[in-house]
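Student: I would like to go through this model with you. Please give cut-offs as we go.

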Amino acid sequence: MNGKLLLNALRALRVSHCSQWQVPAARISVPVRLYASAPKRFYKKTSVLTGDGGFEVVLDHRKLKTPKGAPFVVRSEPLAIAVATEFDAQKEHIERSRMHLSALCFTAIDNPNNLNKLDMVNYLLNYIATDTVLYQYDQEEKDLQDLQVNEWDPVIEWFNQRFETNLQKTLNITPPQVSEEDKMKIAKHFHSYSLETLHGYTYAVDTLKSIVLACAVMEQMLTVDKAVALARLEEEYQLKFWGRVEWAHDLSQQDLQSRLAAAVLFVHLNCSETLVKQKSIL
């Protein structure tokens, strides 16, 4: 085989290998991410039905069910009315991501993680060591430290007086020391609530990243807006230097406020039946 023939053979071999692995241009497609569209509103009106087991929400003539298919039944009539109002407020589509109160009720009824009261209380107790308001800056950030002292310290003091505890803040990355006695006192308070109500407390603590702020807003020592502002204290302080993206930061703040408001309503409306019984006995 002469040199010219060998060269042509090599060229043919190279072309055949390239054509074997080359994807035709017509088959190349850009991946498209598809999102599930919100379901359309299929009902015209909502109402609340009273039954032996409690109160149910009815969409036209259909009884509302949870994601697991369980009947939606709550013991508090105001809570059922609030959920029905949330469904009635939906427009052409059902925006589930904005229906925080309904989501809380579904979670409490279905209990997807099969949690008992002890699991919920332990989860809340474990949050104390990472509580937002217990981690404060030292003298290196004097302005921020002064802000935390003026805004957070009064809430910590209120919490210690309310629950007869001695929680102390930390000025470094070392977690604050929480005594077993303090944990027992806080645990006793949470054990006084039903399992359903504890789901609301957990939702509030997860929203604020603080068990101190969550208890303060539940006990009406703080308003919802103020509790969210205190939870975002460091972020708002940094925004003064780095700038504020209104559509992003404002949306985040409003989302936290709506989540916390739903948790507060859920807890108080869940307790309304107990409060009525106590008043009738007196």
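Student: Among contacts in the protein between residues at least 6 apart in sequence, what share joins residues at least 24 apart?

Tutor: This is a predicted model, where local features need pLDDT of at least 70, side-chain atom pairs count only at pLDDT 80 or more, and totals for chains, interfaces and linings use all residues. Residues are numbered from 1 along each chain as its sequence is written, and side-chain values use heavy atoms, with hydrogens and water left out. Contact means heavy atoms within 4.5 Å. Among contacts between residues at least 6 apart in sequence, the share joining residues at least 24 apart is 64%.

Student: How many helices and strands are there in the protein?

Tutor: Both are DSSP runs, numbered from the N terminus: helices are H or I with at least four residues, strands E with at least two. On that basis the protein has 12 helices and four strands.

Student: What percentage of the 282 residues is buried?

Tutor: Buried means under 20% relative accessible area, exposed over 50%, and partly exposed in between, with a 1.4 Å probe and protein chains only. For the 282 residues of the protein, the buried part is 37%.

Student: Which residues touch the most other members of the largest nonpolar core?

Tutor: A nonpolar core is a set of buried Ala, Val, Leu, Ile, Met, Phe, Trp, Tyr and Cys residues joined through side-chain atoms within 4.5 Å. The largest one holds 67 residues, and those touching the most other members are Phe190 and Leu260. The largest share of this core, nine residues, comes from helix 12 (residues 246-281). Leaving out residues up to four places away in sequence, Phe190 touches Val121, Leu124, Ile211, Cys215 and also Leu198 and Tyr201. So the names asked for are Phe190 and Leu260.

Student: Leu198 and Tyr201 are among the buried residues of helix 8. How many of the 14 residues in this helix are buried?

Tutor: Helix 8 covers residues 195-208 and reaches 20 Å from its first C-alpha to its last. That is close to the expected 20 Å, taken as 1.5 Å times one less than the number of residues. Just after helix 8, Lys209 has a positive phi of about 55°. Helix 8 is mostly covered, with a buried count of 10.

Student: Where does Ser102 lie, and which residues does it touch?

Tutor: Ser102 lies in helix 3 (residues 100-110), where eight of 11 residues are buried. Ser102 has a relative accessible area of 1%, so it counts as buried. Past helix 3 comes Asn111, with a positive phi near 45°. Not counting residues up to four places away in sequence, Ser102 touches Val83, Glu86 and Phe87.

Student: Are the rings of Phe159 and Phe163 stacked, edge-to-face or tilted?

Tutor: Rings of Phe, Tyr and Trp (its six-membered ring) pair if their centres lie within 6.5 Å; planes under 30 degrees apart count as stacked, over 60 as edge-to-face and the rest as tilted. By this rule there are eight aromatic pairs. The rings of Phe159 and Phe163 have centres 4.6 Å apart and planes at 45°, so this pair is tilted.

Student: How many disulfides does a search of the whole structure find?

Tutor: A disulfide is a pair of cysteine sulfur atoms within 2.5 Å. Cys105 is buried at 2% relative accessibility, and Cys271 is buried at 19%. The number of disulfides found in the whole structure is zero.
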